[in-house]
Amino acid sequence: MNVSRYLTKGRMAIILIMAILIIDQLIKVWVKTNMCLHESIHVTDWFYITFIENNGMAYGMQIGSKLLLSIFRIVAISLLSYYIWLQSKTNVRWGYLICLSMVLAGAAGNLIDCMFYGLCFDASTPYEISQFVGLGNGYESFLMGRVVDMFYFPLIVTSYPDWFPIVGGDEFIFFSPVFNFADASISVGVVALLLFYRKEISHISIKREA
C-alpha cells in the first residue's frame, strides 16, 4: 500500500492543523471550566498549571487595540493558509510544510479564543469558575474574548544580588511567561523554520506559480 498516495502534503497539513487545534482547545476549555482565574496547580517545582487570561499576543504580550489585533490575526491566518495551499502543490520539503502548519494552527487556536470565548463563557474570576452560558450570553463581544494561558515553567527561582543596580534583592525567575499549547506550536514552528528552512523563507511569495 502506497501511503504517500493517500497522505498528500495538503492532507498532512490539514490533519496536523486540526490535531493541534483540537488539543489546544481541549486543554483551554478544561482549564477555563475547572479552575478559577489565577489558580495554580503544582505539578513539579519547575512546572505549574496556572490559569491566566490575556488580551494580547503570544506569552501574554499586549500590543495596541484588541480589535485591531484580532483583525490582523484573521488577515495573517488567511494569507498563511493560502501560502500553505500553494506550497502543498509543489515539491517543497515536508518539514517546511509541517512548520508552517504548526504556526498556522497556533495562530488559529488563539484566534478561536478571541472570536468565541467572550460569546460563550461568563467571565472567569479568582473566586468563581467560568461556565458555558450559550452563544451570545458571554462576557464580551465577537473578536474581543481573552486568550487562555496555563503552562508555567519557573525553571530557576532566585534573587538578584544585593549589589545589583536597581533590582538588587528582588526575585528573579528564569522563564516566567505563562503560555498555552498554541503559543508552543507557534514557537516550535518558527524556531524550526529559522534553523532549517531559511532558504525557503527567503523565497516566500503568495503568487501562484504558472
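**View 1. Glu 53 counts as buried, with 15% relative accessibility (buried means under 20% relative accessible area, exposed over 50%, partly exposed in between; 1.4 Å probe, protein chains only).** This is a predicted model, where local features need pLDDT of at least 70 and side-chain atom pairs count only at pLDDT 80 or more, while totals for chains, interfaces and linings use all residues. Residues are numbered from 1 along each chain as its sequence is written, and side-chain values use heavy atoms, leaving out hydrogens and water. Glu 53 pairs up with Lys 32 in a salt bridge, 2.6 Å from N to O (a side-chain nitrogen of Lys or Arg within 4 Å of a carboxyl oxygen of Asp or Glu). Lys 32 is buried too, at 0% relative accessibility.

**View 2. Glu 53 also meets Arg 146 in a salt bridge.** Here the N to O distance is 3.4 Å. Arg 146 is partly exposed, with 22% relative accessible area.

**View 3. Asp 113 and Lys 28 make a salt bridge, with their closest N and O atoms 3.1 Å apart.** The partners sit 85 residues apart, Asp 113 in helix H4 and Lys 28 in helix H2 (helices are DSSP runs of H or I, at least four residues, numbered from the N terminus). Both Asp 113 and Lys 28 are buried.

**View 4. Helices H3 (residues 66-87) and H4 (residues 94-120) pack at about 150°, axes 10 Å apart.** That makes H3 roughly antiparallel to H4 (angles over 145 degrees). Axes are lines fitted to C-alpha atoms, for helices over the stretch in contact, and angles run from 0 to 180 degrees between N-to-C directions.

Notes. Helices (H or I, at least four residues) and strands (E, at least two) are DSSP runs, numbered from the N terminus. Angles under 35 degrees count as roughly parallel, over 145 as roughly antiparallel, 65 to 115 as roughly perpendicular and the rest as oblique.
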